[in-house]
Structures are given as C-alpha cells and as structure tokens.
Amino acid sequence: MVKTIEWNAHGVRLIDQTILPQQKIFVECKTYKDMAEAISRMQIRGAPAIGIAGAFGVALGARQIQAGDFDDFYRQLDVVCRELNATRPTAVNLSWATDKMRKIALDNKHLPLQQLKDLLEAKAKEVLAEDIAANRRMGAYGCQFIKDGDTILTHCNAGALATGGYGTALGVIRVAHEEGKKIQVYADETRPFMQGTRLTAWELMEDGIPVTLNTDSMAGYLMSLGKINLVIVGADRIAGNGDTANKIGTYSVAILAKEHGIPFYVAAPLSTIDFKIRSGQQIEIEARSEKEVTHVGNTLLAPAGVKVFNPAFDVTPNKYITAIITDKGVAKPPYVENLAKLRD
Ligand code: MRU
C-alpha cells in the first residue's frame with residue numbers, strides 16, 4: 001500500500017494526489033508554507049490525511065522558528081497553526097491536529113526550545129502512527145456490517161490516500177476483503193475533483209478488490225437495479241448530533257439509499273467528530289475554484305464566463321445515517337447520546 005505521507009531526513013514527503021494514478025510523484029515539504037500549499041492544492045487531501053499534514057506542518061514550522069524565549073516561540077507557532085488551519089476549512093481534523101500540537105507546546109514550555117522542537121516532531125509522527133492504528137480498529141468494528149457476497153457503493157476517496165494508511169470507509173472494506181468475504185465495490189467518480197475515478201478505483205485495483213467505476217448520476221439507477229447492498233463513506237466533520245459533512249454528492253447518495261432501503265454507514269475516527277457544534281448547519285463548507293467545474297484537466301468545456309457553484313462538501317442529516325463507525329466503536333441513533341458515550 002502506498003505511503004501517503006512520511007517524515008524523512010529532508011522534511012515531509014507526500015505522494016502528489018493531483019496526478020495519481022497517471023504518475024507517482026512525491027512532493028517534498030521543507031517548510032510549513034510548503035505544507036500549507038500542498039494542502040490547499042489538494043496534493044494531500046482527505047480529512048485524516050490533512051490532520052496528519054497539519055501536525056507535520058506545525059513540526060516543520062517549529063523547526064523554522066528563531067526565538068529567544070517560549071512566549072516569542074509560541075507567538076510564532078500560533079501564526080503557523082492559523083495559516084495551516086486556513087488552507088481548508090471543512091475537515092475538522094486539521095484544527096484538531098494543530099490544537100493538539102499547540103497544547104503539547106504549552107504543556108512543555110519549561111523545556112529548552114530545541115528539545116521542544118524535537119518533541120513536536122516526535123508527537124507529529126505519533127499522530128500518523130495513531131491514525132493508522134485507528135483505521136485498523138475502525139475496520140474491525142465496521143466489517144460486521146459487510147456480508148459475504150455484498151456489493152458496496154462508496155463516494156469520494158476514504159482510503160489509504162485520505163489517511164495515514166489503510167483508510168476509513170475503504171479500511172472497513174479492506175478488512176472484509178482480508179477476512180475472505182467476496183465483495184465488490186462500486187466507486188462514484190466524484191465530480192468535480194474525481195477522487196473516485198483517480199484514487200478509489202486505483203487503490204482498490206492495487207489491492208485486488210473488485211471495483212467498478214460509475215458516474216455520480218448512476219448511483220440511483222444502480223440501486224434501483226438491486227445492485228447495491230450497502231453504502232459506506234468517510235467524513236470531513238461530524239457534528240455532535242451525527243450530521244455529517246462529506247464530499248459533495250454524499251447527501252444525494254444518502255437520500256437515494258434511504259429511498260431504496262439500503263443501509264448507509266459513515267466511517268470516521270473520533271478526531272473527525274466536532275463536539276463543539278450541535279448540528280451540521282454550523283459546518284463551514286469550503287468553496288473551491290470555478291475551474292474545477294468548467295474544465296476537465298486544462299481543457300475548458302463550459303462557455304467562458306459562465307457562473308459556477310462549486311462547494312467541496314455537503315451535509316448529510318443524521319436521519320439518513322444507519323450507523324457511524326469510529327475507532328472507539330459504533331454509534332447508532334440517537335447520535336447525541338451515543339456519540340457522546342464513545343468520547344468518554
Ligand atoms: O476534498 P477532499 O478530497 O479532501 O475530500 C475528502 C472527503 O470528502 C473524504 O470522503 C473524507 O475526507 C473522508 S476521508 C477518510
């Protein structure tokens with residue numbers, strides 16, 4: 001399985017997800033600004049992966065800081081965290097990770113600055129290792145919902161590429177496959193950024209998991225043909241009541257699933273749950289460039305100058321979600337109570 005992101009002797013190396021699967025090229029981030037740029041350009045993407053990139057970005061930023069004392073160091077670290085957080089607003093894992101790094105700095109303010117920088121680097125590496133372990137746990141909790149012979153629909157890429165490795169929704173699918181269940185996956189192409197076409201189809205083929213690619217608009221027809229037994233998606237931010245922001249188009253898939261009596265599961269680590277917000281209405285939705293909609297690659301398809309609507313995410317209300325699979329267990333409705341139990 002491909003390494004999405006890793007710390008090496010030069011800084012942080014990540015696989016460029018904008019050009020996969022045609023080319024396997026790695027990006028080297030030596031400064032926190034390199035990392036902010038890689039996140040904004042979606043060379044690294046997917047909520048948990050962005051969280052890890054955020055933690056690594058803070059560690060890179062800490063290394064660059066020249067400061068005489070802790071207060072001066074922390075002021076500069078705060079600027080680093082804010083710049084990283086501003087790159088993509090919807091996935092809560094980013095601010096979750098930068099907040100975690102800030103707290104580590106504050107809790108260890110007594111250390112000499114070089115030691116503190118080393119500690120931040122070590123802790124960022126732990127964020128990566130913990131994410132991979134969390135994905136494995138999620139897979140173990142979630143695979144009970146997949147039976148031998150099932151066909152699963154997924155939307156976007158919630159795989160190894162969207163995480164430190166293994167994946168959330170695809171992690172659950174991977175465990176079922178490793179257990180020997182004969183499963184098949186339909187992957188929505190995921191317009192406009194094509195994470196399904198470029199990343200999910202590629203990841204599953206690499207693992208030998210049978211996958212069929214379909215355009216987003218085919219999901220309803222597929223369900224009407226009785227071809228889909230369950231849907232599993234990832235999440236970018238889950239409100240305390242279970243409302244879930246995920247890749248644009250997820251909401252439509254959830255309603256289609258409900259109409260066809262198909263269970264709809266969300267798989268996400270606890271770090272994706274934003275207990276500070278009570279409903280999905282409070283989730284900021286990132287707007288992305290018009291070019292993602294008007295162009296395919298560098299070719300303009302739309303009439304020049306047309307107005308464009310390009311939100312990167314939508315919110316699926318909790319009533320459409322059968323269960324939320326986390327690294328601490330599975331929550332079913334009522335989500336306010338049952339998600340809170342997992343947190344304790
Ligand atoms: O815009 P992206 O590609 O970062 O969006 C990613 C998604 O919406 C994923 O489904 C979500 O982050 C879950 S990833 C484990």
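A salt bridge here is a side-chain nitrogen of Lys or Arg within 4 Å of a carboxyl oxygen of Asp or Glu. With that rule in hand, I went to Glu-286 and Arg-88, whose side chains meet in a salt bridge at 2.9 Å, N to O.

**Ground rules**

I'm working on a predicted model, where local features need pLDDT of at least 70, side-chain atom pairs count only at pLDDT 80 or more, and totals for chains, interfaces and linings use all residues. Residues are numbered from 1 along each chain as its sequence is written, and side-chain values use heavy atoms, with hydrogens and water left out.

**Domains**

I looked up the domain assignment first: domain 1 is 5–136 and domain 2 is 141–343, with bounds that come from an automatic or database assignment. Taken over C-alpha atoms, their centres are 25 Å apart.

**The interface**

I counted contacts next (heavy atoms within 4.5 Å). On that basis 29 residues of domain 1 touch 34 residues of domain 2. The two domains bury about 2600 Å² between them, and 55% of that is on carbon and sulfur atoms. Buried area is the accessible area (1.4 Å probe) that two parts lose on being put together, summed over both. I then asked which residues of domain 1 lose the most area to domain 2. They are Arg-45, Thr-90 and Asn-135, together 24% of what that side buries.

For salt bridges across the interface of domain 1 and domain 2, the rule finds one. Polar contacts give 17 residue pairs between the domains, both residues at pLDDT 80 or more. Such a contact is a pair of N or O atoms within 3.5 Å; within protein, one must be able to donate a hydrogen and the other to accept it, and residues adjacent in sequence count only if both atoms are side-chain atoms.

Which helices of domain 1 each supply at least two residues of the side that touches domain 2? I get H2 (47–64), H4 (92–107) and H5 (113–142). H5 gives the largest share of that side, six residues. My helices (H or I, at least four residues) and strands (E, at least two) are DSSP runs, numbered from the N terminus. By class, the domain 1 side has 16 nonpolar, seven polar and six charged residues. For the classes, Ala, Val, Leu, Ile, Met, Phe, Trp, Tyr, Cys and Pro count as nonpolar, Asp, Glu, Lys and Arg as charged, and the others, Gly among them, as polar.

**The ligand**

Gln-195 uses a polar side-chain atom, 2.8 Å from an oxygen of the ligand.

**Salt bridges elsewhere**

Searching the whole structure, I get 19 salt bridges. One of them joins Asp-107 and Lys-103, with the closest N and O atoms 2.8 Å apart. Asp-107 and Lys-103 are separated by about one helical turn because they are four residues apart in helix H4.

Most residues other than glycine have a negative phi, and most peptide bonds are trans. The bond from Leu-20 to Pro-21 is cis, with omega near -5°; Pro-21 sits in the loop between strand S2 (11–15) and strand S3 (26–29). Pro-333 to Pro-334 is cis as well, with omega near 0°, and Pro-334 lies in the loop between strand S16 (329–331) and helix H11 (335–343). Met-42 is not a glycine, yet has a positive phi of about 65°; I place Met-42 in the loop between helix H1 (32–40) and H2.
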